Amino acid sequence: MLGFVFAVIAGAAMSVQGVMNTRLQDNIGLWEANAYTQGTAFLLSLIVLWIFGNGDLGNLRTVPKGYLFSGALGLVITVTVMLSIKGLSPTVAVSTILIAQLLVAAMIDGFGWMGQEKISMNAKQFIGVALMLGGVVLFKWK
């Protein structure tokens, strides 16, 4: 149940942050907004690490090298969320982002990529994705 609570918080925070970042971008620029957002997150992450951290950053040497690009995806995520909200609307942008997340997550599960347990997909999952796509089309339809 706690996983669902965190998922709701993450979804709400992503939507609010996406709009905030887009308004920030309107005032200071795309890359400046991204640098501010990522820089603030970095500083706050360091503070939380110093207070609560119990892992070992030294173990980064043993992590598969491809996983070290996860931080770079933060740049891609922040910038593309800002650009999609600016070009669409928060609702259409976030809906499309969620569908893309769901499709990629289904591929990760379905193929067992990155060490995930392989989970087979069936018609119900594909119908669910199709309904979500239809919802975005209906929402955007004038």
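This report looks at confidence, an aromatic pair, a nonpolar patch and one leucine.

The model is predicted. Its average pLDDT is 90. Of the residues, 100% score at least 70.

**The aromatic pair**

Searching the whole structure turns up one aromatic pair. Its partners are Phe-111 and Trp-113. A pair of aromatic rings is described by two things, the distance of the centres and the angle of the planes. Here the centres are 5.1 Å apart and the planes meet at 10°, so the pair is stacked. The reasoning rests on a cut-off: planes under 30 degrees apart count as stacked.

**Exposure**

How accessible are these two residues, and Leu-133? The table gives the values.

| Residue | Relative accessible area | Class |
|---|---|---|
| Phe-111 | 51% | exposed |
| Trp-113 | 38% | partly exposed |
| Leu-133 | 42% | partly exposed |

Phe-111 counts as exposed because its 51% is over the 50% cut-off.

**The nonpolar patch**

A nonpolar patch lies on the surface. Its members are Leu-44, Ile-47, Val-48, Leu-49, Trp-50, Ile-51, Phe-52, Leu-57, Leu-60 and Leu-68. Together they have about 1100 Å² of accessible area. One of them, Leu-44, sits in helix 2, which covers residues 30–52.

**Leu-133**

Where is Leu-133? Leu-133 lies in helix 5, residues 123–140. Leu-133 and Ser-15 are 118 residues apart in sequence. In space, their C-alpha atoms are 19 Å apart.

Technical notes:
Residues numbered from 1 in each chain as written. Predicted model: local features only at pLDDT ≥ 70, side-chain atom pairs only at ≥ 80, totals over all residues. Heavy atoms only, no water. Phe/Tyr/Trp six-rings, centres within 6.5 Å; stacked < 30°, edge-to-face > 60°. Buried < 20%, exposed > 50% of the residue type's maximum accessible area, 1.4 Å probe, protein only. Patch = residues over 30% accessible without salt bridge, like charges linked within 9 Å, V, L, I, M, F, W, Y side chains within 5 Å. Areas by Shrake-Rupley, 256 points an atom, 1.4 Å probe, with all protein chains shown as cover. Salt bridge = Lys/Arg side-chain N within 4 Å of Asp/Glu carboxyl O. Helix = DSSP H or I, 4+ residues; strand = E, 2+ residues; numbered from the N terminus. pLDDT = per-residue confidence, 0-100.
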